[in-house]
Amino acid sequence: MNLSQRLSRSVVLVLALLLVAGCTEIGNMQEQDKLHKPYSESPNFDVAAPELEPNAVPIGAGFLQEGREDPAFLQADTHFYMGMVEDELAEDFPPNFEITESVLAEGQRQYEGFCSPCHGYSGYGDGVLTQEGLIKPASFHTDDLRSRPVGSLYNTITNGQGNMFSYGGRISPENRWAIVAYMRALQLSEYAELSALSDDMQTAFEAATTDEDAAPASDMDMMGTDAASDMDDAADAESSDE
Ligand code: HEC
């Protein structure tokens, strides 16, 4: 081997070494730092993962952990995230959840997107999918559903129920509460005490109903199931006339 041969050999060697070094420098797919520390801290959670209890779920994932003594592991406000207050279904909306007009509008948007295909736009359980043979869900306009605590509605959305699947992973807690607020509005729209209206509206309502038929209106159940289905019938009759 002469000098130039030796030189070119060492040049090749140096180049090869550089290449190898380059590979690790650039980042070989097999060499991923994060693979070596799967349970390191995440900026999203207060707890480092190794300390999490088995079956622990990220905040807001919305699982109701049954039989747990201490839900504090969720680092969460159980009222807001699970609809539970001291292991009971919450009777009220969470104190940190304010129902404003825009919240209701968002609740309506969410309800119409996620729920109306089965439950119908007005909540009578007559959504389009029920015409395709899907099992008909119960109407929201029954004494049973009207008297459910808000935490129960929130839980049904979060965890599903019977034939209905869960939305805990698909709809944020804020929006689940917004949907509950909108469902309450839907229920009120179909069934409210006359005394809940302002004096002006009560007078207008009484004038309107006593004009039509002599029966005095004692409450505002005019839009209850019967009236609504009468209206549907009338609409059907009208459209079949065409
Ligand atoms: C794919 C159809 C479908 C969709 C979408 C759906 N539901 Fe349901 N829902 C059902 C059925 C079916 C039932 C009856 C469940 C049963 O008892 O088997 C039901 C029941 C309910 C009940 C009554 C539960 C009870 O305790 O009796 C509520 C409240 C409810 N749904 C709310 C919602 C809300 C809010 C949404 C939207 C986030 C929604 N559902 C989306 C099909 C659906």
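Helices (H or I, at least four residues) and strands (E, at least two) are DSSP runs, numbered from the N terminus. A residue is near a molecule or strand if its C-beta atom, placed from the backbone, lies within 6 Å of it. The model is predicted: local features need pLDDT of at least 70, side-chain atom pairs count only at pLDDT 80 or more, and totals for chains, interfaces and linings use all residues. Residues are numbered from 1 along each chain as its sequence is written.

Start with the overall layout. The protein has eight helices and two strands. From the N terminus, the order is α-α-β-β-α-α-α-α-α-α. Of its 242 residues, 17% count as buried. Buried here requires 20 or more other C-beta atoms within 10 Å of a residue's own; exposed requires 12 or fewer, and partly exposed lies in between, with C-beta atoms placed from the backbone. Two residues are in contact if their C-beta atoms, placed from the backbone, lie within 7 Å. Among contacts with a separation of 6 or more, 52% join residues 24 or more positions apart.

Now turn to the ligand. A shell of 18 residues surrounds it, and the closest are Cys115, Cys118, Pro137, Gly162 and Met164. Two helices, α3 (101-119) and α5 (150-159), each supply at least two residues of this shell. The most come from α3, which gives five. By type, the shell holds 13 nonpolar residues, five polar and no charged. Nonpolar means Ala, Val, Leu, Ile, Met, Phe, Trp, Tyr, Cys and Pro; charged means Asp, Glu, Lys and Arg; the others, Gly among them, are polar.

Follow α3 itself. The helix bends by about 50° at Glu112. That bend is the angle between axes fitted to the seven residues ending there and the seven starting there. The buried residues of α3 are Gly107, Gln110, Tyr111, Cys115 and His119. They pack against α6 (173-190). An α-helix has 3.6 residues a turn, so residues three or four places apart point the same way. After α3 comes Gly120, with a positive phi near 85°.

Last, look at the loop between β1 (84-85) and β2 (88-89), where Glu86 lies. Glu86 is not a glycine, yet its phi is positive, about 45°. Glu86 is exposed, with 7 other C-beta atoms within 10 Å. Asp87 lies in the loop between β1 and β2 too. Its phi is near 65°, a positive value in a residue other than glycine. Asp87 is also exposed, with 9 other C-beta atoms within 10 Å.
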